[in-house]
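I opened this notebook to record, entry by entry, what I looked up in the structure. Confidence comes before any geometry.

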Amino acid sequence: METDSNNRFNGGGGLSAETEEGQWKLYEAYNELHGLAQEFSTPFDAPAVLVVGHQTDGKSALVEALMGFQFNHVGGGTKTRRPITLHMKFNPDCDTPLCHLLSESDPSIPQEKSLQEIQAYIEAENMRLEREPYQFSSKEIIIRIEYKYCPNLTIIDTPGLIAPAPARKNRALQTQARAVESLVRAKMQHKEFIILCLEDCSDWSNATTRRVVMQIDPELSRTVVVSTKLDTKIPQFARASDVEVFLSPPASTLDGFMLGDSPFFTSVPSGRVGSERESVYRSNDEFKQAVSLREMEDITALQEKLGRSLSEQEKSRIGVSSLKLFLEELLQKRYMDSVPLIIPLLEKEYRSTTRKLSEINLELGTLDEVKLKEKGRAFHDLFLTKLSLLLKGTVVAPPDKFGETLQDERVNGGAFIGTDGLQFPQ
């Protein structure tokens, strides 16, 4: 099971060396493209997997299981306060994870960090934001990882959605909930992102995370639904028929045509990796073995409840290994499909940048004191004109230079959103 899973995870299914090298180069190019899009706010983004779920749904734990090692700040309550982008690359020569953190000051120079340093940085950022008025940031923490157990995936882990009680005493938590949902909804607006929708429930009619996701993707056409913590749900079923409905919910229950045609079911064993006394696993290899063992135990427990063997189709939807294989193949296809769309955008950006650079070089070559004074006067007049228009109440002035867009204002200042996720009328 272990060897077979590793081959499936790492693209070792008989691909030639030339094909694998071509896939790696394509993946590297998309990684770089995603980083540049974040850095320069360009209109093109590479395909990626966006993880969406409520607090304690097991988002960060699932991401760690997909990667094959632990690094994140996990636990009860709000831990993730900034989206974390993980550019994962399979490298058979990396026996231990090789991590690079993209610097906030200079993203073009990745800084090599240990897992402990990455975890310390994330925890420090979460604690810093917890002390600030807004408490969340949409700016991504970008980490590049190479490891012999990593899939070729780009995953974005988002802050957990919050479902606060409606009482007035919970106003602070309600404000946090609106801020998180606004941030997550903004991320889901990117059409090229695959949404990994996590649900921690044993009844599919209880659409907690799907309620938010379907406001952006009504048909679930770019959404993969995952039921987490399967090991805790299996004992709750009293009859085999209940298990059947849970594993294969009616199409009307999920209200859409989700990616993969049916949900995935995963379990991640609890316990952290470390040398401390309370640590459960002494190494990431032990953690990875525990994930594989949990997967086999879940299949065995389901078969005992059903009183029959699971079909290959049913097994292909159970466990982290099945989800990992599906996502890797899906993302690879999205990469290929996006090439014809992205190349014209890159060419347009290149032509525009080349033209601007030529104009600047020409301008620098002909600068003198008279021209500089004339430019200063022109800018002065333009600024006063725009200021006058703003005072009169016009919207002519572009918000990217003179203020915030409506979306930025909602993210930074919060928006009045009802329980249905829609903004209250003005």
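Confidence. I began with pLDDT, the predictor's confidence in each residue, from 0 to 100, and noted that the protein chain has a mean of 81, with 80% of its residues at 70 or more. In this predicted model local features need pLDDT of at least 70 and side-chain atom pairs count only at pLDDT 80 or more, whereas totals for chains, interfaces and linings use all residues. Residues are numbered from 1 along each chain as its sequence is written, and side-chain values use heavy atoms, with hydrogens and water left out.

Helices (H or I, at least four residues) and strands (E, at least two) are DSSP runs, numbered from the N terminus. Over residues 1-14 pLDDT stays under 50, and the model has 24 contacts for them beyond four places in sequence, a contact being heavy atoms within 4.5 Å. Where pLDDT is low, the predicted coordinates should not be read in detail.

Sheet. I traced nine strands in an open sheet of mixed pairing, in the order β4-β3-β5-β2-β6-β1-β7-β8-β9; two strands pair if DSSP finds at least two bridges between them. β4 (110-113) and β9 (264-265) stand at the edges with a single partner strand each, so one side of each is left without a neighbour in the sheet.

I followed β3 (residues 98-102) to both of its partners: four bridges join β3 to β5 in the antiparallel sense, with Leu 101 opposite Ile 143, and four join β3 to β4, also antiparallel, where His 100 has Glu 112 as its bridge partner. By contrast, β1 (residues 48-52) and β7 (residues 193-199) run parallel over five bridges, and Val 51 stands opposite Leu 196.

Helix α3. I found that α3 (residues 59-67) and α12 (residues 320-365) pack at about 75°, with axes 10 Å apart; axes are lines fitted to C-alpha atoms, for helices over the stretch in contact, and angles run from 0 to 180 degrees between N-to-C directions. That makes α3 roughly perpendicular to α12, the class for 65 to 115 degrees. Leu 62, Ala 65 and Leu 66 of α3 meet Val 320, Leu 323, Lys 324 and Leu 327 of α12. I also noted that α3 lies across several strands, among them β6 (153-157), to which α3 runs at about 165°.

Conventions. Angles under 35 degrees count as roughly parallel, over 145 as roughly antiparallel, 65 to 115 as roughly perpendicular and the rest as oblique.
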